[in-house]
Amino acid sequence: MSSSLLHPPSHLPPAVALQHSQQAPNILEKSTGAISTSVFQSLLSAPETPELWTTYENLLLSCLRTGDDESAHQCLGRLVNRFGHDNERIMALKGLLKEAGANDAATLDVILKEYDQILQDNPTNIPILKRRVALLRSMGRIAESVGALISLLDISPTDAEAWAELADLYFSQGLYPQAIFALEEVLVLQPNAWNIHARLGEILFISAKSSDNTSQLAEALKRFSRSIELCDGYLRGYYGLKLTTKQLLGGSQKTPPSRTSPDGFAVPDLATLTKLDEMATEKLAEIVRRSSAGEKGWQGYDEAEIKATRELLDNDSGAIIR
């Protein structure tokens, strides 16, 4: 089995998810179907490992992404045989398959009522709470989705995924201060998450541009810098750093040296900003060049992000692509 099947399919490029889905019939044929009641069959079956069940779950999700409902139901059947219908994670996967097969809003409403019934019996069923949030959001009922997430966080305040989803919901509604607060909560729980530092920088940058707030630009600069400090090859961190330094260096956002943001972070002087801009430009150019050439260790970047980076560099008169 592919080692990438042990990673959540939502983090996989569409081409990889399609490849997994295409392998599903062969994987299902060769691997054990469930815990067998037959001693003879158990002796012939492949050994049961945690990786096997992780593979089934991730394969199920990849199949749903590519429309292979038959293989997805086979994966679910094996998980049900192993863990039972009352397992909370299995209940959520069953709901997910129902959602994927729904053809109209009325069917989704029925599924939502099923989730509500499950939660009446067990209000702390976290997987079902999360599915309910996702379903409400997909139905366009954003206010209810936000309320459901807040209720979830009352039960599980250390759920970083829930805080990140809440931040995304707030951001989609233009509620930037609330989104920033939610992402700060994520960083309290996961202080070394470079992608969250960059995402927080992005929202700070957008908020600063909408309100002409230089102190937020300074905070965005700090967040992007922390992101690339934690992950030297993180494209979004360098991309955000490039945008922020350009904004601070030019136009109405030009900042006098030693300006201090509310949290005490001093905005760098113009010479430092210029160096940061040049460093970000060079690193972005290197990522584009080496990723486009398919060099080993430089693959895996999102094609859309590479394209956007190339356009940013093309529009910048100081870009140097060696």
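**Figure 1. Leucine 28 in helix α1.** Leucine 28 belongs to helix α1, which spans residues 14-30. The model shown here and in the other views is a predicted one. With a relative accessibility of 3%, leucine 28 counts as buried, because the cut-off for burial is under 20% relative accessible area. Residues up to four places away in sequence left aside, the contacts of leucine 28 are Tyr56, Ser71, Gln74, Cys75 and Arg78.

**Figure 2. Serine 71 in helix α4.** Serine 71 is located in helix α4, formed by residues 69-83. Its relative accessibility is 4%, so serine 71 counts as buried. When residues up to four places away in sequence are not counted, serine 71 touches Ala24, Pro25, Leu28 and Cys63.

**Figure 3. Leucine 108 in helix α6.** Helix α6 covers residues 105-121 and contains leucine 108. Is leucine 108 buried or exposed? Leucine 108 is buried, as its relative accessible area is 17% and burial requires a value under 20%. Beyond the neighbours within four places in sequence, leucine 108 makes contact with Glu99, Ala102, Leu135 and Met139. A distance of 9.3 Å separates the C-alpha atoms of leucine 108 and leucine 136, and these two residues are 28 positions apart along the chain.

**Figure 4. The pair of helices α9 and α10.** Helix α9 consists of residues 160-172 and helix α10 of residues 176-189; their axes come within 8 Å and cross at roughly 165°. Angles over 145 degrees count as roughly antiparallel, and α9 and α10 are therefore roughly antiparallel to each other. The crossing in which α9 passes α10 is left-handed. On the side of α9, the contact involves Ala160, Trp163, Ala164, Leu166, Ala167, Tyr170 and Phe171. These residues meet Tyr176, Gln178, Ala179, Phe181, Ala182, Leu183, Glu185, Val186 and Leu189 of α10. By class, the residues of this contact of α9 with α10 comprise 14 nonpolar, 1 polar and 1 charged.

**Figure 5. Leucine 183 and the nonpolar cores.** Which residues touch the most other members of the largest nonpolar core? They are Leu166 and Leu183, in a core of 62 residues. Both leucines also take part in the contact between α9 and α10. Leucine 183 touches Ala167, Ile196, Arg199, Leu200 and Ile203, with residues up to four places away in sequence not counted. Another core, of 19 residues, lies apart from the largest one and has Ile27, Leu59, Leu64 and Ala72 among its members. In soluble globular proteins, nonpolar side chains tend to be buried together.

**Figure 6. The pair of helices α12 and α13.** Helix α12 (residues 214-230) packs against helix α13 (residues 235-249) at an angle of about 150°, and their axes are 9 Å apart. The two helices, α12 and α13, are therefore roughly antiparallel to each other. In passing α13, α12 makes a left-handed crossing. From α12, the contact draws on Thr214, Leu217, Ala220, Leu221, Phe224, Ser225, Ser227 and Ile228. From α13 come Arg236, Gly237, Tyr238, Gly240, Leu241, Thr244, Thr245, Gln247 and Leu248. The contact of α12 with α13 includes 8 nonpolar, 8 polar and 1 charged residues.

**Figure 7. The pair of helices α11 and α13.** Helix α11, made up of residues 194-211, packs with α13 at an angle of about 25°, with a distance of 9 Å between their axes. Angles under 35 degrees count as roughly parallel, and α11 and α13 are therefore roughly parallel to each other. The crossing of α11 past α13 is left-handed. Ala198, Glu202, Phe205 and Lys209 of α11 form the contact together with Arg236, Gly237, Leu243, Thr244 and Gln247 of α13. The classes present in the contact of α11 with α13 are 3 nonpolar, 3 polar and 3 charged residues.

**Figure 8. The setting of the close-up views in the chain.** The chain has 15 helices and 0 strands. Of its 322 residues, 40% are buried. Among contacts in the chain with a separation of 6 or more, 57% are between residues 24 or more positions apart.

Methods
Residues numbered from 1 in each chain as written. Predicted model: local features only at pLDDT ≥ 70, side-chain atom pairs only at ≥ 80, totals over all residues. Heavy atoms only, no water. Axes fitted to C-alpha atoms, helices over the stretch in contact; angles between N-to-C directions. Helix = DSSP H or I, 4+ residues; strand = E, 2+ residues; numbered from the N terminus. Parallel < 35°, antiparallel > 145°, perpendicular 65-115°, else oblique. Left-handed = near helix turned anticlockwise from the far one by under 90°. Contact = heavy atoms within 4.5 Å. Nonpolar A, V, L, I, M, F, W, Y, C, P; charged D, E, K, R; others polar. Core = buried A, V, L, I, M, F, W, Y, C linked by side-chain atoms within 4.5 Å. Buried < 20%, exposed > 50% of the residue type's maximum accessible area, 1.4 Å probe, protein only.
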